[in-house]
Amino acid sequence: MNAYLVAYTFRWSIIHPAFDEHLHGVRVTLELTALSTVLSLSLGLVVALCRMSGFRPLCYLAYIYIQLFRALSLYIYVLWIYFGIAAGIGVNFSPITAGVIALTMLNSAYMAEIYRSALGAVDSGQHEAAMSLGFGRRHRFFTIVFPQAFRIAFPSLVNQFIDIVKDSSIVAIIGTTDLMGVTNQLVSYYRAPFELYTLVAFFYLTIILVVSGAAALVERRLNRHVQ
Amino acid sequence: MSSDTGPAGASAPAAAGAPTANAEIVCGAGLNKWFHRGRAHELHVLKDVDVGVRKGEVLVVIGPSGSGKSTLLRCLNFLAPPETGTVTFLGETLSAERLPRLSVPARLDYERTLRHFRTQMGMVFQHFHLFPHMTVLDNVSAAPIRVLGMSKQDARERARAELDRVGMGGKAKVYPSQLSGGQKQRVAIARALAMKPQLMLFDEATSALDPELIGGILDEMRKLAESGMTMIVVTHEMGFAREVGDRLIFMDEGQIVEQGPARDVLSEPENARTQAFLRAIL
């Protein structure tokens, strides 16, 4: 026991029994990020459209949303949603739900700004050409403007996705069994923090490399018309 | 087969009060347009302009830059709605004046008329504005599918015919970025024609092209005029104006300074401003 306090001895063999637990954690992390990403991608677009709409109240509302949810850290949101809302209005969220809501709020605000700059970057001539052909608002947006804006926004959205993967580890503070949560539990059981945190780093790295590799393929496809 | 005959006319939907042979197909009355640059700076770009084109007529609009030529075109299809005045096209009248902001039925009616105007007026831009994320074929067939509600197959067939007509049949599968300026403009013309419009608006269609490519586009426009298409052409090509134009308008500082048969105005301008302009560019 004394030896443990004086000199840390690495016990890499811990990794093997911990592996199954970690795989479960990977699944939860992927669920958490996938759900938050899809929700913030759609909510972000809605907020961006409100922000750009000619209807003033909607525009201000979106502005407030963006400013408010970008301002604070995820840590605070997670605690507020999980404990604050439960104490305040008695709605109990599961840790995962609370995590998804917090991740979505924060990231949809960022994504709204990404969308807004991308939509603004589409040449005004594209709007005009579509209008001159009689396209209605909806078709003009979905057929002409949005596909071009999405291509422009894509690299930044991938960045944002990577942030979500990493930020999802913060949600572990309210006791989710995601990668970080599982690791924290294992660490207190096996008392081998370096080994286990190294392993978790390897998992995060793998997830992000795989996803950004896939994103590169998608990006190439999105850019196929550019010479 | 159908590509040699007139693009408009026969296949156009029978609009209420369809114009007879010599009636004006489009008519703008009392058009005024201001551009707002900051609070104090208002630019009066179109001052009480009246303009009309008869079916089958080619109207050429010339004038120095900033004289309101392009704005006039864009007022006719409401890309830039005139603040006052009305546009009558195919028996329907549209005005942005007194459009109640909050009345939903009025808005819907306005949108519907607007849509009708735009589907029947083709526009060709100086900078082409092809949709970069679509192939040439999709560029031409998108509006017939989305706006006219044609089936994909019919729309593509029509798009191919229009592309053949402008000599771009071989480039259907290509993206716009792989085309030269002249080819892009041909596709843009085909895209506008695929809606089977009654009127074509050309907004300096050759101004962004290399000199050697200008002739080809002008030839396409000439062919279109000969097929009986009604056209309003904003251009700096005086040779084209003289040969193809039936009537000519000279604009300066937002007003029509002089108008008349194209040849007469170009060879014997009466207004001093017109004379100075023509001297300067010829």
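Modeller: pLDDT is the predictor's confidence in each residue, on a scale from 0 to 100. This is a predicted model, where local features need pLDDT of at least 70, side-chain atom pairs count only at pLDDT 80 or more, and totals for chains, interfaces and linings use all residues. Residues are numbered from 1 along each chain as its sequence is written, while chains are lettered from A and ligands numbered from 1 in the order in which they are written.

Colleague: In chain A, which helix has the lowest confidence?

Modeller: Helices here are DSSP runs of H or I with at least four residues, and strands are runs of E with at least two, numbered from the N terminus. Chain A has a mean pLDDT of 91, and 96% of its residues reach 70 or more. Its highest confidence is in helix α5 (residues 95-121) of chain A, at 96, and its lowest, at a mean of 54, is in helix α1 (residues 2-6) of chain A.

Colleague: Which element gives the most to the side of chain A that touches chain B?

Modeller: Residues are in contact if their C-beta atoms, placed from the backbone, lie within 7 Å. By that rule, 18 residues of chain A are in contact with 20 residues of chain B. The elements of chain A giving two or more residues to this side are α7 (137-167) and α6 (124-132). With six residues, the most comes from α6(A).

Colleague: How are α3(B) and α5(B) oriented to each other?

Modeller: Axes are lines fitted to C-alpha atoms, for helices over the stretch in contact, with angles from 0 to 180 degrees between N-to-C directions. The axes of α3 (residues 136-146) and α5 (residues 181-193) of chain B come within 8 Å and cross at roughly 25 degrees. Angles under 35 degrees count as roughly parallel, over 145 as roughly antiparallel, 65 to 115 as roughly perpendicular and the rest as oblique. That makes α3(B) and α5(B) roughly parallel.

Colleague: Which strands stand at the edges of the six-stranded sheet in chain B?

Modeller: Strands pair if DSSP finds at least two bridges between them. This open sheet has mixed pairing and the order β6-β7-β8-β3-β9-β10 (chain B). Each edge strand has a single partner, so one side of it is left without a neighbour in the sheet: these are β6 (121-124) and β10 (255-261) of chain B.

Colleague: Which residue in β10(B) is the bridge partner of B:Ile249?

Modeller: Strand β9 (residues 247-252) of chain B pairs with β10(B) in the antiparallel sense, over six bridges. In β10(B), the bridge partner of B:Ile249 is B:Gln259.

Methods. Two residues are in contact if their C-beta atoms, placed from the backbone, lie within 7 Å.
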